[in-house]
Amino acid sequence: MQELQSDWCSPTRLQTSPIARFDFPGDRFIPSRSLMDLDQARSLLTNRTTPTRNSNFNDVYRRSLEDKLTLDSDGNPFRMLVFRGSPKSNRKPIRSVDLMRQDEAKELDGSVKNVLPRRMPKGEARVLDAVNIKNDFYSSIMDWGKNSILAVALGSDLFLWNSTNSEVHKLLHVDDQRDFPTSVAWSENAKTLAVGYRRSKLQLWDVETSKLVRRFENHKDRIATVAWNGHVLTSGSRDTSIINHDVRAGSNVASRLQAHKEEVCGLKWSEGGNVLASGGNENLLYIWNSSKMNSSRFLFRFREHCAAVKALAWCPYQSEVLASGGGTEDGCIKLWNTKKGTCIKTIETNAQASYRIQSPFCELFVVCGLEWNRHHKEILSAHGYSRGELIKNQLCIWRYPSMENVGNLNRHRSRILHVSQSPDGLTVVSAVGDETLRFWEIFGPPSIDKISPLDSLLSLKTSPLR
């Protein structure tokens, strides 16, 4: 062992030592030239003789094999490795993408049915008391920020509930008995909370310091809805106007849109921030381009709804698709192509629900909220009741793009006022007229474990919000 050297298997050692045997052909990565037959290698490289072919492979077989390797399914030249791509217009999608699109088209036509049923939660994951919540269809008093904090207005107070540690904090209280918050919305970075009021003022609050940052008084009546788009805050009011506020500028009004004839009760910016959808109490839905706000010229105006348009939601899978829901005497969910200005599909929720009540007073369900499932192609709709007292309030799940009803939740004792989705996209909270907030783990991946009786009991536990 003492005579063993560190270079015992190196090429130098093999050449200089007369007693060394050539059991090791040099280094693993650097071969030894002394072990190479360079004359034979040169002969193989320069030999131009015809290679020997297997007699079992005839010319027909060789041509068929060559076609399989060099031509695609349409008979066009195909290369497996292309380092310089050709224009997209000249390249056809691969077969698997075509099959996926065909399946999606069949599902849209209703010719394909999903065999596996959609698993619905057996009960609420949590219930919070929401005392003094305003039972008003037009208000938007709840929003779940990216900081996992749920902001909810309860009468004259506005509370913050942290979903990670269940801590509750009162952000503000309004002393004026005639005034109270009617709309709330978190900024995109979840550092600022916008609050609109019944008596037309609009405030910006720094949540970390619990201090009022700015106050705007550009509206003349109740602010029913607010929506953020970067540094621009858009507000809609009962005075029929839409105002874009640049929160960075001293003169905050960037543009004012005057198209609605009645109260603006729904606002929603697209994911890219280039298109705004606005719904009004006069049953109209407007589509606006962010680059043409100063001219007050809308892209499209949709008249197909028969009641107030409050529920709006942009599709996370197709940026140009918008879902809207109508109020009393409408109850329809409509899907729009905002690039073409066309209605893709209309769903009458009363006709598609899992049960129908035969009553002379039966009307369509009020659609008061819409939330897309970011993990699966589904959309959730929240419904209030009409004048028929027997119609229960419910959450409904619809499969996209066929819009087939795959499940309902009928545990609400009063009408649903508003819905909001958690930052991870797994939980939906519903604000209900019976002064409760109900949390539903409805968008998560299906669980294969059975729910124990203890979990069923814990799901019914009620916790006070204040």
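Residues are numbered from 1 along each chain as its sequence is written, and side-chain values use heavy atoms, with hydrogens and water left out. Because the model is predicted, local features need pLDDT of at least 70 and side-chain atom pairs count only at pLDDT 80 or more, while totals for chains, interfaces and linings use all residues.

User: How many helices and how many strands does the chain have?
Analyst: Helices (H or I, at least four residues) and strands (E, at least two) are DSSP runs, numbered from the N terminus. Counted in that way, the chain has six helices and 29 strands.

User: What share of the residues of the chain count as buried?
Analyst: Buried means under 20% relative accessible area, exposed over 50%, and partly exposed in between, with a 1.4 Å probe and protein chains only. Of the 466 residues of the chain, the share that counts as buried is 45%.

User: Which residues lie nearest the centre of the largest pocket?
Analyst: A pocket, on a 1 Å grid over the protein atoms alone, is an open set of points where a 1.4 Å probe fits, with protein on both sides within 12 Å along at least five of seven lines, and lining residues have an atom within 4 Å of a point. The largest pocket is lined by 47 residues, and the elements that give two or more residues to this lining include β2 (142-144), β14 (264-269) and β26. Nearest the centre of the largest pocket lie Asp143, Lys268, Trp269, Glu271 and Glu371.

User: In the hairpin of β26 and β27, which residue takes a positive phi?
Analyst: Strand β26 (residues 416-421) is mostly covered, since six of its six residues are buried. Two strands pair if DSSP finds at least two bridges between them, and five bridges join β26 to the antiparallel strand β27 (residues 428-432), where Ser430 stands opposite Val419. Six residues lie between the strands of this hairpin, and the one with a positive phi, near 75°, is Gly425.

User: Is Ser148 buried or exposed?
Analyst: Ser148 is found in the loop between β2 and β3 (149-154), and its phi is near 65°, a positive value in a residue other than glycine. Its relative accessible area is 18%, so Ser148 counts as buried.

User: Where is Pro401 placed?
Analyst: The peptide bond that leads from Tyr400 to Pro401 is cis, with omega near 10°. Pro401 has its place in the loop between β24 (394-399) and β25 (404-409).
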